[in-house]
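Here is a briefing on one protein model. It covers a sheet, a residue within the sheet and a pocket.

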Amino acid sequence: MKPIIKGAFVIFLTCLGGLSIAQSSDDIEALSAFLPDGKLSYLQNNNPSLIAEMAYINKHGYYVSDMEGKKDASELPDALLVPSMYENAIPLSEQLITSGNLNLLAYQFSLRHEEHTYYRIGQSGKMLVVLPRKLAQENLRKASVTKSK
C-alpha cells in the first residue's frame with residue numbers, strides 16, 4: 001500500500017466515532033500486510049467499522065496458553081497447519097503465534113460466533129485459543145466506551 005494512501009487511511013480511522021475505536025498505525029499496517037489493496041480500499045469506503053473490528057480481533061482475538069492438562073493435545077487441530085487466506089501472509093510458525101504478532105484473520109482459523117476455538121501449536125505444549133467473535137465485539141464496544149470517556 002502506498003504511504004500516502006496509508007496515511008490517509010490512518011487519519012480516516014482516527015476520525016471514526018461511535019462503536020469503532022481509532023486504530024494505531026501498527027494495527028493498520030497489520031491489516032495492510034495481508035489484505036489486498038482493493039479489499040482494504042473497499043472496506044475503507046464501505047464498512048469502516050468492520051476495519052476497526054478486524055484490527056481489534058487481529059490484536060485481541062486470541063491468546064496463547066500452556067496446555068498443562070487443560071485439553072488432550074491429540075484432540076486439537078495443529079495451528080501450524082492452518083492455511084492462509086491470502087498468498088502474501090507470513091507462513092505460520094510457533095514463534096509467530098507465541099510472539100503476539102499473529103495476524104489472526106490472515107489465516108483460516110475457525111472464528112466461531114459464541115464458542116472458543118482451540119488449536120495446539122505444533123509440539124510446543126502450548127495452545128492457541130481463538131475468542132468467539134461475539135466476545136471480541138463486546139470487548140471492542142467496551143474499549144470504545146472507555147476510550148471515549
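The points below go from the sheet to one arginine and then to the pocket.

This is a predicted model: local features need pLDDT of at least 70, side-chain atom pairs count only at pLDDT 80 or more, and totals for chains, interfaces and linings use all residues. Residues are numbered from 1 along each chain as its sequence is written, and side-chain values use heavy atoms, with hydrogens and water left out.

**Sheet**
- Three strands make an open sheet, ordered β1-β3-β2, with antiparallel pairing.
- β1 (62-66) and β2 (117-120) are the edge strands; each has a single partner strand, so one side of each lacks a neighbour in the sheet.
- The twist from one strand to the next averages 25 degrees (axes are lines fitted to C-alpha atoms, and angles run from 0 to 180 degrees between N-to-C directions).
- Strands are DSSP runs of E, at least two residues; helices are runs of H or I, at least four; both are numbered from the N terminus.
- Two strands pair if DSSP finds at least two bridges between them.

**Hairpin**
- β2 and β3 (residues 126-130) run antiparallel and are joined by four bridges.
- Five residues separate β2 and β3 in this hairpin, and G122 in the turn has a positive phi of about 55 degrees.
- Y118 stands opposite V129 in β3.

**R120**
- R120 lies in strand β2, opposite M127 in β3.
- Its side chain makes a polar contact with the side chain of D78 at 3.4 Å (N or O atoms within 3.5 Å, one able to donate a hydrogen and the other to accept it; residues adjacent in sequence count only if both atoms are side-chain atoms).
- Leaving out residues up to four places away in sequence, R120 touches M67, A73, L76, P77, D78, A79, K126 and M127 (heavy atoms within 4.5 Å).

**Largest pocket**
- The largest pocket holds about 260 Å³ of space.
- A pocket is an open set of points on a 1 Å grid, where a 1.4 Å probe fits, with protein on both sides within 12 Å along at least five of seven lines; lining residues have an atom within 4 Å of a point.
- Of its 15 lining residues, L50, M54, L105, L111 and R133 are closest to the centre.
- α3 (37-46) and α4 (48-60) each supply at least two lining residues; α4 gives the largest share, four.

Key. Points joined across faces, edges and corners; volume = space filled by probe spheres on them.
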